[in-house]
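Subject: Structure handover

Hello,

Please look through it first; my notes follow below.

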Amino acid sequence: MPSPYRTIFAAPGSKGFSAAGFFGRMPLSMLGIGVVTMISQLTGRYGLAGALTATLAMAAAVFGPQVSRLVDRYGQRRVLRPFTLVAVAAVAGLLICAQQGAPDWTLFVFAAAAGCVPSVGSMVRARWAAIYRSSSRELHTAYSWESIVDEVCFIFGPIISIGLSTAWFPEAGPLIAALFLLVGVFWLTAQRATEPVPHPKSLHTGGSALRSPGLQVLVATFVATGAIFGGVDVVTVAFAEESGKKAAASLVLAVYALGSCLAGAVFGLLHLKGRPATRWLVGVCAMAVSMIPLLLAGNLPLLAVALFVAGISVAPTMVTTMALVEAHVPRTKLTEGMTWTSTGLAVGVALGSSAAGWVVDAAGAKAGYAVPVAAGALAAAVAFLGYRRLAKPVPTGGRGEDERHLRTEDDERVA
């Protein structure tokens, strides 16, 4: 492991909570695709499968920030365990109803209830922030590491989920995803020494973290960014099917995640100077431009190359986003703020998937890549319009105003 990564894991307990976070995040990439695979195998109704997945995503978008808001106030262990049990019970209910052929409305009820699944990635990043709040370089490396973990989950999660549901029994993918969640959350919350200290109710003033102008820009941009991801996933599957190699879709998408994973690993080794907001703007624009070659790919090998290159800008942009959340959200609402960005992505994925599916049905798979291209352009436009909000430092009660002021002056001299 390169030296900067060895350095961050020198902190007591860091290996344990990061490992627990890996297991707890696997459902993020396994549950939705597992539900699609299960329902399509049991009923052959892809429309129902897509609607259930959208319900799950939108419910998570609604419940996620509220769960994280409670975590900031009462602590991870006290909040995450009961909500995890509810989410796991809801997944179990969904599987039983699907297997028994229950009415469709029961499936939607349980899918909505399963949306209260906690944002485990935000919980882990909050622990890193608590450890390295006064050291921006180590925190940058820690966020980069967690971005790598995210991409590893997205490389292997769908393969595991689809493989289990097709080779074992239809409900296997979502079932194992729920078990991953249960193990990951209970393992994470058992580690009390690294749990961020909750903030009393008296410190939670000003309403939601989303009142922050900077966070509003990040979330709005991430809705468009999520539409990129959702569009790419759906259109790539359709493109592979039109090419007569539908099974290759998971490998091509894994290459997309691999590009992001490698870029995140390198990004964590760098000691960057200058404004994070500027790096973030460049990253969003790079993601937008990288979508254009997808329209020109005529076969799966070329598509894989184009997606690998497109993936290079993903992880660095995500890492910088987490740093900006910390800079623009009050310390007492940090976990909630991080979860709002995940919520934006989830909403965008649902919208992008739906739009891409409609375009594919109407004009074919290749034309479907116009959806992520359009979403990328929208993301870049929002990022440009909101840049001023992100570039302006704000008091968050984090590392101290004097230190933040000095660091901003240093950044401006370097820039």
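How many residues of domain 1 are in contact with residues of domain 2? The model is a predicted one, and in it 29 residues of domain 1 touch 34 residues of domain 2. The protein chain is divided so that domain 1 covers 14-195 and domain 2 covers 210-393. Between the C-alpha centres of the two domains there are 20 Å.

Cysteines

There are zero disulfides in the structure. Cys116 is in none, and the nearest cysteine sulfur, that of Cys97, lies 16 Å away. A disulfide needs two cysteine sulfur atoms within 2.5 Å. Cys116 is also buried, with a relative accessible area of 4%.

Val117

Val117 sits in the loop that runs between helix H5 (104-113) and helix H6 (120-131). Once the neighbours within four places in sequence are set aside, Val117 is in contact with Ala87 and Leu181. Ser342 is 225 residues from Val117 in sequence, while the C-alpha atoms of these two residues are 12 Å apart in space.

Ala254

Ala254 belongs to helix H10, which spans residues 249-267. Its relative accessibility is 13%, so Ala254 counts as buried. From Ala254 to Ala51 the separation is 203 residues in sequence and 24 Å in space, C-alpha to C-alpha.

A nonpolar patch

Which residues make a nonpolar surface patch of about 250 Å²? Phe156, Ile159 and Ile160 make it. Of these residues, Ile160 is placed in helix H7 (residues 136-167). Ile160 counts as partly exposed because its relative accessibility is 31%, and patch residues need over 30%.

That is what I have on this structure for now.

Regards

Key: Residues numbered from 1 in each chain as written. Predicted model: local features only at pLDDT ≥ 70, side-chain atom pairs only at ≥ 80, totals over all residues. Heavy atoms only, no water. Buried < 20%, exposed > 50% of the residue type's maximum accessible area, 1.4 Å probe, protein only. Helix = DSSP H or I, 4+ residues; strand = E, 2+ residues; numbered from the N terminus. Contact = heavy atoms within 4.5 Å. Patch = residues over 30% accessible without salt bridge, like charges linked within 9 Å, V, L, I, M, F, W, Y side chains within 5 Å. Areas by Shrake-Rupley, 256 points an atom, 1.4 Å probe, with all protein chains shown as cover. Salt bridge = Lys/Arg side-chain N within 4 Å of Asp/Glu carboxyl O. Domains from an automatic or database assignment.
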